[in-house]
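Could you walk me through the aromatic rings of this protein? I have it open in a viewer and would like to know what to select next.

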Amino acid sequence: MHTYFEELPNELILHIFSTYFDGVQLYKSFFGLNSRYDHLIKSINNIHLRLEYQDDDKSLYLFSTKVISVYIGQKHRSINFIPLLINVRSVTLVDPTIIQIINLLDIGKNLEHASIIWSNPYLINSMSARSFYELIFSASSCESLRSCRLYLPKSHSLYLEPKHCTLLLLCSIYVQLSIPSVDFRRIIRLCPNLIRLEIEIIDDTDSNEEKIIVLSHYQHVNIRRFHIYNLLSLDIFDILMGYIPNIENIYISMKFPSHPIDVFEQLSSIINRIEHLKEFHFHFTTDFWNLGQHQLETIKQMNPFFSNILIQNDDDEIIFIS
């Protein structure tokens, strides 16, 4: 016996609409088909919009006051709708323009999550990135921000940092850095209640600036989870650990600068000094091929956190995963 979609009860159709479709899909696929579907769609209160193209805007005027999260794709450049999103709580922008970011100021105070994503982290619009940074750390906006993702460009200056702005509700942040020497300190100072901190280092080979982080004496006692991607050296990691003393969960990705045995010995020495560490995970790559089974067993016995290492071969690299 077959059951057609239109024979389902309203409660089930409403659940399907609100769970498996965003606002744009609902508008293009179901709105206008019949009065029943129109009534059910209009009754949904929490709408997620994924705006990929300009013609997606038609759904905005139907759902504008009910949108709680919006994803604005790389090919979508409209801004007229932004002031209509009076109840939006989450915004994600892909390769945004400065105009798009500036217009977010109209709804900035209500945002709980703000994210900027670059399709190519090495071809970033620095002016847009700096404008987003100013928006996030503006003393007059984003008062409700709980999590965000941003990039700090090399060109941003110290004067852009608000002197008296702290984001007290912010508990999670993902930051892409090209020069981490000052930015790490800035983030943890402006976000005193962070619990989760993720850093991705964009390695700029053209930069002559130092890569080692040198901080004044400061500790952030609330951070429990720390992820660092594209780590340049374990010296950086060692210094950072001194500023987050209560860390419990760590994830590292990096390419080994030397033989795996040497790297794991240094790493073991560092994590042995982390008092509250409960979980340690990593994704390491190396070009060294002279690692035998005996050496692998030696690495596993160095530290309890290394005991479950998995090794994969990918082209000309060896990948260590835990």
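A residue counts as buried when its relative accessible area is under 20%. Keep that cut-off in mind as we go, and remember that this is a predicted model.

Start with the overall picture: there are 23 aromatic pairs. To see one of them, select Phe 21 and Phe 30, which pair edge-to-face, with 5.3 Å from centre to centre and 80 degrees between the planes. Show the surface next. Phe 21 is partly exposed, at 27% relative accessible area, whereas Phe 30 has 13% and is therefore buried.

Now select Phe 184 and Phe 226. Their ring centres are 6.5 Å apart and their planes meet at 85 degrees, so this pair is edge-to-face. Colour the chain by secondary structure and you will find Phe 184 in helix H7 (residues 180–190) and Phe 226 in strand S8 (residues 225–231). The pair thus links distant parts of the chain, 42 residues apart.

For the next stop, select Phe 256, Phe 264, Phe 280, Phe 282, Phe 284, Phe 305, Phe 306 and Phe 320 together: they form one aromatic cluster.

Finish with arginines over rings. Select Arg 50 and Tyr 71: Arg 50 lies over the face of the tyrosine, 3.8 Å from the ring centre. Then move to Arg 149, which lies over the face of Tyr 174 at 4.2 Å from the ring centre.

Notes:
Residues numbered from 1 in each chain as written. Predicted model: local features only at pLDDT ≥ 70, side-chain atom pairs only at ≥ 80, totals over all residues. Heavy atoms only, no water. Phe/Tyr/Trp six-rings, centres within 6.5 Å; stacked < 30°, edge-to-face > 60°. Buried < 20%, exposed > 50% of the residue type's maximum accessible area, 1.4 Å probe, protein only. Helix = DSSP H or I, 4+ residues; strand = E, 2+ residues; numbered from the N terminus. Lys NZ or Arg CZ within 6 Å of the ring centre and 35° of its normal.
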